[in-house]
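Subject: Structure handover

Hi,

Here is the structure for you to look over. My notes follow below it.

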Amino acid sequence: QVQLVESGGGLVQAGGSLRLSCLASGRIASINTMGWYRQAPGKQRELVAAIATFGSPNYAESVKGRFTISRDNAKNAVYLQMNSLKPEDTAVYYCNAGVVTTETYRYLEVWGQGTLVTVSS
């Protein structure tokens, strides 16, 4: 089994910053892309940012210039630094990873449980 555990969500005023962390654990052979998605109330889940093992990150247009994704391959971790937060960034943020496990050596898409980010105006 592979688990993703997020941390770092919370309540922040508009213009503030938060840093989300996600740590993968379990029987991991390798991790391909890691990313962050979010889902606001009444809306579909959307990609926020993603980064391949040794690739350039990609961002949703709505967060470009404000959010930065990074990863630590040695720790199987991915981070999302969120600056200049806006009320419309309020959502549950989910960590996502493409993982090859040591059990089956097959590719699995794994999700975290989500962490709530609330930005007040």
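Cys-22 and Cys-95 are both buried (buried means under 20% relative accessible area, exposed over 50%, partly exposed in between; 1.4 Å probe, protein chains only). They are joined by a disulfide, S to S 2.1 Å (a disulfide is a pair of cysteine sulfur atoms within 2.5 Å). By that rule the count is one disulfide. The torsion about the S-S bond of Cys-22 and Cys-95 is about -85 degrees, so the disulfide is left-handed. The pair links distant parts of the chain: Cys-22 sits in strand 3 and Cys-95 in strand 9, 73 residues apart. Strands here are DSSP runs (E, at least two residues), numbered from the N terminus.

Before the rest, the ground rules. This is a predicted model, with residues numbered from 1 along each chain as its sequence is written. Local features need pLDDT of at least 70, side-chain atom pairs count only at pLDDT 80 or more, totals for chains, interfaces and linings use all residues, and side-chain values use heavy atoms, with hydrogens and water left out.

**Core**

The largest nonpolar core has 31 residues. Such a core is a set of buried Ala, Val, Leu, Ile, Met, Phe, Trp, Tyr and Cys residues joined through side-chain atoms within 4.5 Å. Among those with the most contacts inside this core are Trp-36, Val-48, Phe-67 and Val-78. Elements that give two or more residues include strand 3 (18–26), strand 4 (28–39), strand 8 (77–82) and strand 9 (91–101). Strand 9 gives the most, with five residues.

Val-78 has contacts with Cys-22 and Cys-95, among others, including Met-34, Trp-36, Ile-51 and Ile-69. Contact means heavy atoms within 4.5 Å, and residues up to four places away in sequence are not counted for Val-78.

**Loops**

Ser-17 lies in the loop between strand 2 (10–13) and strand 3. Ser-17 is partly exposed, at 40% relative accessible area. Its C-alpha atom is 5.4 Å from that of Met-82, 65 residues away along the chain. The side chains of Ser-17 and Asn-83 make a polar contact of 2.9 Å (a pair of N or O atoms within 3.5 Å; within protein, one must be able to donate a hydrogen and the other to accept it, and residues adjacent in sequence count only if both atoms are side-chain atoms).

Ser-17 also touches Ser-84. Ser-84 is in the loop between strand 8 and strand 9. Ser-84 is not a glycine, yet has a positive phi of about 50 degrees.

Best wishes

Methods. Helix = DSSP H or I, 4+ residues; strand = E, 2+ residues; numbered from the N terminus.
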